[in-house]
Amino acid sequence: MSETGSTLPAERRLSLLVTVLAFALPVIFVLVPLAIFLGYSFFSVDQGTIVYGLSLGNYIRFFTDPIFLPVFWNTIVLCVSVAIICILLAYPAAYFLTTLKGRWRYALLMLLLVPLLMSYVIKIYAIRSILGLNGFLNKALVALGILQEPSTLFVFNMNAILLTLTLLLIPFAILPIFLSLERIPQVLLRASDDLGASGLQTFLRITLPLSLPGVASAASFVFVLAIGDFLTPQMVGGISGFTFGRILYSQFGTAYNWPFGAALSVALAVVVIAAILIGERFGRNRGISV
Amino acid sequence: MSALPRLSTIFLAAITTLVALLLYSPLFVPIVSSFFTISHGNVDWSSPTLSTYVALAENHDILVALRTTLIVGVCTVILSVVSGTLLALYYHGRRSGRSLLQFIIFLPFLMPPIISGLALLIFFREIGLERSLLTVVIGHTVFVLAIVYRTVLMRLQSMSRTLIEASYDLGATGWQTFWRIILPNLSSAIVGGAILAFALSFDETMITILVTGTQSTLPVRLWAMMRLGFSPDINALVALILMFTVLLCVLAARFLIPRQVATERT
């Protein structure tokens, strides 16, 4: 926009202001808070006040205390499971969408994505009531004769967190898988058909490999969203469903140890960044432009 | 894919139906209970009632929280649209430093909200800014900025350069070109981005819980109420919010999907 050469002084001043803002805004409101946060992880707490002296104490505590590493690991396993279940459900649904024609395809996609916009808190509450002792799930299982009597297996434990997160996050898996399936050129499928491959062969050797980038993005989305969630475990996890997010959150509430909480966040950030990078690495479409 | 065997089509359709049921079951419960009484997990279908909606209109706490949420949402939209559009205009066509700053803008959106929220919480404390609605608005803006930025930038990139060049050739100043050529071309992207930003702000819970002061937005208020259990009028609220959200969603789709594409595909 500076091609005109003879810009007015007012315009020049404005463009200078915009330049400063364009750099300052992201730096002040994103980078600086994150840097301070990182700095906090090296501080410590003494009798309720924060000591601004650098030490590795928080990190040593995280790695040596018998509580934190197992919870951290269990949470990672939980979130990987959530990602896997979400993909197993989302893949067939996304595949089905791509078999539909025109208007129907997008209408149905929309239908499956709209629940994302519904109040998160309300959904958690409703899911909890479905999973509960008097809930719909127990009623259905008893009616089907699978259970003799209502069970507390589905609420206030790790299962509950797994089921709730899965229900909440399925749409995040559907969208990337759908997009990668939709991008597969139809000519490839027709060619495979012409060359005498069966439907299953075409799926296994053409469709599935070409849709794996979408699956990778879906897995990384769901994993990152699941591991950062502290509301769901808090609400449906009860006492036994203890996740890393809850421990982290409690450092800023009841436990009141902000520096230690900051160190736990760094550990969380490392896992999240790794997940995003893996998703990015495998989520890129490599040369299927036909 | 027309050669798909019948059996596998049925299987796929069944799974899709299951997924839809799973996704909608948590929405179904509150909506049904907003019209019917539920006791011990059994719905009393015989007597539909609107009493929950009447009770909602008298629930002062909720209405105040709703108003707070709307104020926060509108402020967030204004701030994020202005700064997101400016940033997109600035970085469009500029290579130096763009990828790094773009990465910074996207960080709060990619990072778990608990990390963004806590970083802001500590930041506000260090600079001595009391937690209030202002800090909530800042938190929301930082969170949704990436969306507005990206929406506007993508439209800018698809816009033909010749339009701008023609405008300069015809003797328009930078300002005139901006107001009469660039902005009108961006308007639908800006409106779509604004709607998305509002929808995200409206439901943002995790960052808000961390950076809010004494005034709570609707999701935070609901979160606090949930520990004790909800009164029936909350169900009415949920039903209303659902309708409102679907409306927003349809509007956003209208503005974000280009008209030609929409007609081509039908």
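Begin where two helices from separate chains meet: select helix α1 of chain A, residues 9-40, together with α5(B). In this predicted model, their axes are 8 Å apart and the packing angle is about 90°. That angle makes α1(A) roughly perpendicular to α5(B), since 65 to 115 degrees counts as such.

Now show side chains at this crossing. On the α1(A) side, pick Val32(A), Pro33(A), Leu34(A), Ile36(A), Phe37(A) and Tyr40(A). Facing them in α5(B) are Leu118(B), Ala119(B), Leu120(B), Ile122(B), Phe123(B) and Glu126(B). Sorted by class, this contact has eleven nonpolar residues, no polar ones and one charged.

Chain A puts in 72 residues and chain B 64. To see where the chain B side comes from, colour these helices of chain B: α1 (6-35), α3 (60-91), α4 (98-110), α5 (113-126), α6 (133-158), α8 (174-203), α10 (218-226) and α11 (233-256). Each of them supplies at least two residues of the side that touches chain A. Which helix gives the largest share of that side? It is α1(B), with 14 residues. By class, the side of chain B that touches chain A has 52 nonpolar, nine polar and three charged residues.

Select α4(B) and α6(B), whose axes lie 7 Å apart at an angle of about 120°. This makes α4(B) oblique to α6(B), and the crossing is left-handed. From α4(B), display Ile105(B), Phe106(B), Pro108(B) and Phe109(B). They meet Val142(B), Phe143(B), Leu145(B), Ala146(B) and Tyr149(B) of α6(B). The contact of α4(B) with α6(B) consists of nine nonpolar residues, with no polar and no charged ones.

Then colour chain B by domain. Domain 1 covers residues 6-44 and domain 2 covers 51-265. Their centres, taken over C-alpha atoms, are 30 Å apart. Where the two touch, five residues of domain 1 of chain B are in contact with seven of domain 2 of chain B. The domain 1 side of this contact has three nonpolar, two polar and no charged residues.

Bring chain A back and go to Phe156(A), in the loop between α6 (136-143) and α7 (158-182) of that chain. Check its backbone: phi is near 60°, a positive value in a residue other than glycine. Is Phe156(A) buried or exposed? Phe156(A) counts as buried because 20 C-beta neighbours lie inside 10 Å.

Look for Tyr256(A) in the loop between α11 (244-250) and α12 (258-283) of chain A. With 13 C-beta neighbours inside 10 Å, Tyr256(A) counts as partly exposed.

For the last stop, select Thr49(A), in strand β2 of chain A, residues 49-51. Thr49(A) has 7 C-beta neighbours inside 10 Å and therefore counts as exposed. Finish with a distance from Thr49(A) to Met118(A): the two are 69 residues apart in sequence, and their C-alpha atoms are 40 Å apart in space.

Technical notes
Residues numbered from 1 in each chain as written. Chains lettered and ligands numbered in written order. Predicted model: local features only at pLDDT ≥ 70, side-chain atom pairs only at ≥ 80, totals over all residues. Domains from an automatic or database assignment. Nonpolar A, V, L, I, M, F, W, Y, C, P; charged D, E, K, R; others polar. Helix = DSSP H or I, 4+ residues; strand = E, 2+ residues; numbered from the N terminus. Axes fitted to C-alpha atoms, helices over the stretch in contact; angles between N-to-C directions. Parallel < 35°, antiparallel > 145°, perpendicular 65-115°, else oblique. Left-handed = near helix turned anticlockwise from the far one by under 90°. Buried ≥ 20, exposed ≤ 12 C-beta atoms within 10 Å, placed from the backbone.
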